[in-house]
Amino acid sequence: MRRLIRPYRIYLCIILLLALSLPARASEPFAVAAKGAALIDGDTGRVLFGQNENRRLPMASTTKVMTALLALENAGLDEPVTASKNASGVPGTSLYLSVGETLSMEHMLYGLMLRSGNDAAVAIAEHVAGSVPAFAEMMNARAAELGVDAHYVNPHGLDAEGHAISALGLCLVMRQAMLDPDFRRITGTRRKVIPWVGNEFSRVLENKNRLLRTYEGATGGKTGYTGRAGRCLVFSAERDGLSLIGAVLNCPTWFDTATALLDYGFENFRMEAACEAGARLAELPVVGGEALSVDIVADGALKAAVPVGSVARTEIDLPNELEAPVLQGEQVGSASLVCGGQVLARCGLVADETVERRSFARSLTRLLRRWALLFAP
């Protein structure tokens, strides 16, 4: 007697065949556990990842990146900075500055960025601007110059009504600060010993940004925490020429999330360097000039983060010729790095030397000099 196939086995086979025939489910889009997050190309400022990146949120002590930037732009590292009663009495994380204690601006900045000293922030603000409100005005003016969506009330980041920034804005402030070699050195320092006036011990400062110890290529950053802001972090790293800057606001898993963001950036983007500053990209004829042509060079590096697996090309925009006079450094065109129809980076193209307008007198003088050399004994 032939054995019958049970119906449920037929159903299982049908379900299995249908499952195998369905297309593979697309992977979930990348997301992070933060109220606001952003990752940008450190060279161009282009957004590589954003999650509520334009939403203003409290920023806690990541505020101090702007404080440090203004200090470096408006004061010398060796200037003496004295702590007032206001500075000495500010609550929260502190260097324990005593009233009248004086440190160099450089040591104050180490205390600001590594220890996150709120007293150092007020001392710096009063030294640079005369008062905390005046310094806050400077902070807001500088943010506007950078195109940053932010409103600053104080130099330290303690909770205050309206004191907020977007994750993208925080990245852009960090990007500007990282252009300063002194800021890069300070924010990238793991441990620093500075004086403690009137105390037999020195101050030993440990950087609270543990990415400097745990993440390959980490270059700097700033932590922050308050009850209103939650955990906040701005951070930077470089690998194989690719510079990344990221920020997370109100993020319970701040360092893990920062690691995930940086991994995302390095796994999905590569650095494309079309040319360095000063590279010769063209030669143009000069009409009516003492010289027949002039070299055209890039006035800055042309490079950007490019998606892995994509192809970028360089597009040059120049006239067919130039008319004398042409001045050295005069911009005559531009070069763009383009990928997928999008301009990722742009630099100016400038004349490499001056070409004067040709004149009869100058031409005659030059001819006479040549004759004199030709017939010289």
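**Close-up views of a predicted model**

**Overview of the chain.** Of the contacts in the chain with a separation of 6 or more, 63% are accounted for by residues 24 or more positions apart. The coordinates shown in every view are those of a predicted model. The chain has 11 helices and 19 strands, and 45% of its 377 residues are buried.

View 1. The residues of α6 that are buried are V132, F135, A136, M139, R142 and A143. Because these residues cover an arc of only 125° around the axis, they are placed on the same side of α6. P133, E137, A144 and E145, on the other side of α6, are exposed. The partners against which the buried residues of α6 pack are α2 (64-74), α5 (118-129) and α7 (167-178).

View 2. At the N-terminal end, α6 is capped by S131, which has a side-chain oxygen 3.2 Å from the backbone nitrogen of A134. After the helix comes G147, a residue with a positive phi, near 70°.

**View 3. Helix α5 is largely enclosed.** The 12 residues of α5 reach 16 Å from the first C-alpha to the last, which is close to the 16 Å expected at 1.5 Å a residue. Since 10 of these 12 residues are buried, α5 is largely enclosed by the rest of the structure. The buried residues of α5 are N118, D119, A120, A121, V122, A123, I124, A125, E126 and V128. The elements that cover them include α2, β3 (80-82), α3 (85-88), α4 (105-115) and α6. Just after α5, the backbone of G130 takes a positive phi of about 95°.

**View 4. Helix α4 is mostly covered.** Helix α4, which is among the elements that cover the buried residues of α5, has eight of its own 11 residues buried. In α4 these buried residues are M105, M108, L109, Y110, G111, L112, M113 and L114. Just after α4, S116 has a positive phi of about 65°.

**View 5. T189 sits in the loop between α8 and β7.** T189 belongs to the loop that runs between α8 (181-187) and β7 (191-194), and with a relative accessible area of 15% this residue is buried. A polar atom of the T189 side chain lies 2.6 Å from the backbone oxygen of R185. When neighbours within four places in sequence are left aside, T189 is in contact with Y110, L114, N207 and L212; Y110 and L114 are also among the buried residues of α4.

**View 6. M59 is a buried loop residue.** The loop between β2 (47-51) and α2 contains M59, which counts as buried because its relative accessibility is 1%. M59 and H163 are 104 residues apart along the chain, yet their C-alpha atoms are separated by 7.5 Å. Apart from its neighbours within four places in sequence, M59 is in contact with H151, Y152, H163, A164, I165, A229, C232 and L249.

**View 7. M59 and H163 also line the largest cavity**. The structure holds one cavity of 30 Å³ or more, and the space in the largest cavity amounts to about 40 Å³. The lining is formed by P58, M59, A60, G157, L158, D159, A160, H163, T226, R228 and A229. Of these residues, H163 and A229 are also among the contacts of M59.

**View 8. The largest pocket is lined by 16 residues**. About 240 Å³ of space lies in this pocket, and the lining residues that lie nearest its centre are G42, D43, R184, E238 and S243. At least two residues of the lining are supplied by each of α7, β10 (230-239) and β11 (242-249). The element that gives the most to the lining is β11, with four residues.

Key:
Residues numbered from 1 in each chain as written. Predicted model: local features only at pLDDT ≥ 70, side-chain atom pairs only at ≥ 80, totals over all residues. Heavy atoms only, no water. Buried < 20%, exposed > 50% of the residue type's maximum accessible area, 1.4 Å probe, protein only. Arc of directions from axis to C-beta. Contact = heavy atoms within 4.5 Å. Polar contact = N/O pair within 3.5 Å; in protein donor to acceptor, adjacent residues only side chain to side chain. 1 Å grid on protein atoms, 1.4 Å probe; cavity = no way out; pocket = protein on both sides within 12 Å on 5 of 7 lines; lining within 4 Å. Points joined across faces, edges and corners; volume = space filled by probe spheres on them. Expected span 1.5 Å × (residues − 1).
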